[in-house]
Amino acid sequence: MIIFRSTNNFDMITGVSLLLPLAVVSLLPAIALGADYGDEVNPASQFKTKTIPDGTMPPLPDFGVLAGHRLSSWDDENLTLTTNVLIPGNFLARKHLSNGYIGLAEASLGPFFERDFNQTHRDGKQPTEPWPEFNPRQSFAGIIGFFDRQHNTTETNYPELLDRGDESVISGIPHFTDISITAGDQVLNATVDLATISNFSSSLNLMNATASWSYTWTPNLNGSSSFGIEYMAFISAARVNVAAVQLTVTPLNNTTEKITITDILDGRSAVRSFLGQKGHDDASSIYVSNYPNGLPDVSAWTYSTAKFPNSSLSSISPRSIVSPNNNPMTIGQEWNLKLQSGHPIIFQKFVGIASTDKFPNAQTTAAQASDNATRDGWDVLYAEHTSIWNQRMQSKIVDYRNPTTGRLPENDTTAEVDQINAVVSRYMILQTLLQEDGNDLNDNGISVGGITADPYAGMTFWDMDIWMFPGIALTDPDYALQMIKYRVKMYSQAKANTQEDYVQEKYNFDNDSILYSWTSGRYGNATGTGPTLDYEYHINTDVAKMMLDYRRITRNEEYFREELWPVVESVGHTIEGVLKKDDQGKWNIWNMTDPDEWTNHVKNGAFTQASFFQIMNSIISIKKEYNETIPLTWLDIAENITIPVSSSGITLEYEDMPSNITVKQADVTLMLHPLSLPESSKPINYTLERKQADLQYYTQKQSLHGPAMTFAINTIATLRYGRSGCSASTYNKMGVFSNLRAPWFLMSEQANDDINANGGYPPAFPFLTGHGGTMQIAFYGYLGLDSSQDVLTIQPTLPPPKQHLTLNEFNWAGYTFSASMNNTHTNITFTGVSPSSSNPQNTTSVPMVQNLPASRHPQFNFTLSLNQTLTLENDMYWQDLTTSNNLIQCLPIVGSDPTELNRWPESVNDGDVGTSWQPENTKGSSISIDTTSVAGERIKTINVVWGQRIPTSAFVIIFNSTNASEGEEFILPLPDLDTPDVANTIAIRDVDALADAMSSDDSPEGDGEENSGDDVRLEEGHKTTYTLPDDRMVHMGDTAVLQIAGCIGTTCGVFGDEAGATVEEWEIIGES
């Protein structure tokens, strides 16, 4: 609820509402979250129009995690999310369960298979997964590594590669947790009439990794039958082949009830596969086998064994074998029962699953796993499963609680969201991995959707190496090893890729070179979706960096030298093969794509070249350590590789980059983290000033609609190198809060899931890349750990509103540490030696460095003794003012009208022009700051940096809430733009690039051809400065308000853009 008050003094802008202090406001930008739908209804637009529902569908829930009525509640003690809102047919509402080998997504109503339906139009197309298959979006069930072989995908980027080798995308298996109930002619499954469901509650217990549902089902609303329904499901962490489901049914009326319970293996989730066999073994088991498309020599077997643990039922019929739907791969077994009123019955199913990829006799493995689980029983399986998950989740979670009380700060919603995200992100990454135990079951890659969904066709990208690995490797290197083992498994194919004839015709790669494919499934060959040549070559250095980081984290020198060093060294051969030396003695790459995929096939991409530089230097260093010969060419490359820089000192994303670029995702900022490039070297003199300039420039150029992980990098880079201000908190909201979706706090790939508003892209969901990105913030941002250093090097900083942060256990250099932080100090403790480390197990002291190279402060060296706690002063850069004597920087926002996506209200005074506040319309909007802490200070100047969209009118009001009618008003002068005024929209030239209005499917190739790299320099945008005359004495009250209306800019009003002007920074300058 927003409370407005008006006075006669505030009527200068018609229709503008003034938000006064003490108003109850929501600080969540208005985010349009919609479902995907087809071209024939509400077609996707490249111009960010919004979904228009047909008027017959129920209103969409607000999935935002800061929504006024959030879809779920949080039990912090038990790490449990609970919702009372049933949302059928919507991928955002599904739970995800897996154990690193098998996994699936569960419907909102229960452990059922579910298909998405169009949420906004009855005749709209069924929602789809994203590129490249665009298959219908539905609950997925799968086995890790169960890839098919097919000639092509639905869409492909490089059709000329289709004849070079087949694609390999993930296949599904039957949805294996389904148990339906039939009463009369009504069936309880994912498509049940919602009117028959009441008292709904659903929980995801992240401490135990269990999903549960509870509700009342009244099958016939005009009848007397009513049942209490409870489901619980888990996928065993103790037995990789096992899942278990339990149903409890309680008749609620005083009659004997007849029901049918059906155990189902639902073949509809077995996408891209074909049936092998299906049948039944004995009185309580059914099975299905299926083959991935194109691979009849690979099969998966799914067995389900049913059990009634309480035998006091008055009547149970013999089992019947049924086909609950028309899918040929579906099979069910059912029993008719008579239930006594008030007497619950329990039905359990124990599922065994195996594929011949890892279990040669998969049928026997699956059958025995199901039989043994049934014999051991629910209680045994549940106890051993939850014991493992309790151990995983209790000791290593990133903790934002007050260490004294053990509780989250009271009334601090942002702290709660950060804590939930830390728990959920750990859960989502860990449940996709298997711990190293020597059996090589853990040598498959991790896709962006894990095992429980099939976005991007379940293939592996650089997302695994750069985004998922760093956060989980610090706490759980024995799980993170799986990602490395997958790249090792694909090493021989990566070598073979360099020797293809079309590759050798262009580059002279030697036999030790490697080219990892951009997308990878079963084989790792070059495909139409996964090229190896003239594309994102950084995938090879990403692999090498992951392996080098593993060495730094674990100090498992024996494993590194035997298994990983050959791969890392091969990357040196690749770098030599792809680079060409010019007449000036510089090494260049002439045709490539950097992480910013809106600029394909350019020259000398900065991140790729910087990665080549860093990895080549690491290889040279290790060769010296191993006393191996270093090729002279490699030394030359390390000294003379080209990293493009403008005349103003800004690193160019690629050579000849135009100044009006819009960046899809983190690119140059990746040089700040994870690369952490050194300050001084011949290829790039990367001083602190240059790092800060790059950070400011590219945060302004970043699309607000880029993928989730981008703003995690902006957060980390700001914490490490930002000049001043509190914008790290703003970026954290942009990277975490904007992409998390209630009820289960899973990460969506995009900040806006409405494909009409995001450019036509169905988002990947769940997006493990985003979870991996946010996991890095605590360690590499707040603690400031530098992954490029062999010795533990940290630069702790914890800006408000964060109050506490505890990192209970993490690894570096083969040692274990813990850390606890508040805003001013950090305690760091050396706790032991990692078991797999090559370090002596009796080590009693270790070196440590405070502050990063080329950072805001000089470095200090320390020695930590075993179990010693060292207290360090935090870097308090966030207390510094961006502009001297700015009275309002980082003061609390107490009110804001609704804003555009990712234009958070606190952007207006966070000291960083890379963030901005933008109202959702031009009618007139206000933002209010609590200035109580600076009340009485004299005002000298008011500054507003508008960015590229300015208002048609603006003013500032300073007042005390106790006497608002006597406030001081300042009508702000605006930039003098000679343009016609047309209904609050003024169209002018040279104010904004049209690319800022375009969405994620627009390619900026050819954009800004009149501009060149030398035009790239820091941009402040349009600015208003209001200086008070010396004879006007105005002092701060307890509230400052900025009101704006209208919009001037080339994108204002274009293609349905109804948003208002942008405010990058608002400053009120006091006396010196």
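Modeller: A salt bridge is a side-chain nitrogen of Lys or Arg within 4 Å of a carboxyl oxygen of Asp or Glu. The model here is predicted.

Colleague: What makes the contact of Asp534 and Lys506 a salt bridge?

Modeller: The N to O distance between the side chains of Asp534 and Lys506 is 2.3 Å. The cut-off is 4 Å, so the pair counts as a salt bridge. Asp534 and Lys506 both sit in the loop between α7 (501-504) and α8 (538-554), 28 residues apart.

Colleague: Why is Asp534 called buried?

Modeller: Asp534 has a relative accessible area of 8%. Buried means under 20%, so Asp534 is buried.

Colleague: And what is Lys506 called, buried, partly exposed or exposed?

Modeller: Lys506 has a relative accessible area of 43%. Partly exposed lies between the 20% limit for buried and the 50% limit for exposed, so Lys506 is partly exposed.

Colleague: How do you know that Glu114 and Arg94 form a salt bridge?

Modeller: Their side chains meet at 2.8 Å, N to O. That value is within 4 Å, so the term applies. The pair links distant parts of the chain: Glu114 is in the loop between β4 (102-106) and β5 (141-143), and Arg94 is in the loop between β2 (80-83) and β3 (95-98), 20 residues apart.

Colleague: Are Glu114 and Arg94 buried or exposed?

Modeller: Glu114 has a relative accessible area of 3%. For Arg94 the relative accessibility is 3%. Buried means under 20%, so Glu114 is buried, and Arg94 is buried as well.

Colleague: What makes Asp790 and Arg552 a salt bridge?

Modeller: The closest N and O atoms of Asp790 and Arg552 are 3.1 Å apart. With a cut-off of 4 Å, the pair therefore qualifies. Asp790 lies in the loop between α15 (768-782) and β25 (792-794), while Arg552 lies in helix α8, 238 residues apart.

Colleague: Why is Arg552 called buried, and why is Asp790 called partly exposed?

Modeller: Arg552 is at 13% relative accessibility, under 20%, so Arg552 counts as buried. Asp790 is at 43%, between 20% and 50%, so Asp790 counts as partly exposed.

Colleague: Which residues are linked with Asp790 and Arg552 in a network of salt bridges?

Modeller: Lys545, Asp549 and Arg555 belong to that network together with Arg552 and Asp790.

Colleague: How many salt bridges does the structure hold?

Modeller: The structure holds 47 salt bridges, among them the pair of Asp534 and Lys506.

Key
Residues numbered from 1 in each chain as written. Predicted model: local features only at pLDDT ≥ 70, side-chain atom pairs only at ≥ 80, totals over all residues. Heavy atoms only, no water. Helix = DSSP H or I, 4+ residues; strand = E, 2+ residues; numbered from the N terminus. Buried < 20%, exposed > 50% of the residue type's maximum accessible area, 1.4 Å probe, protein only.
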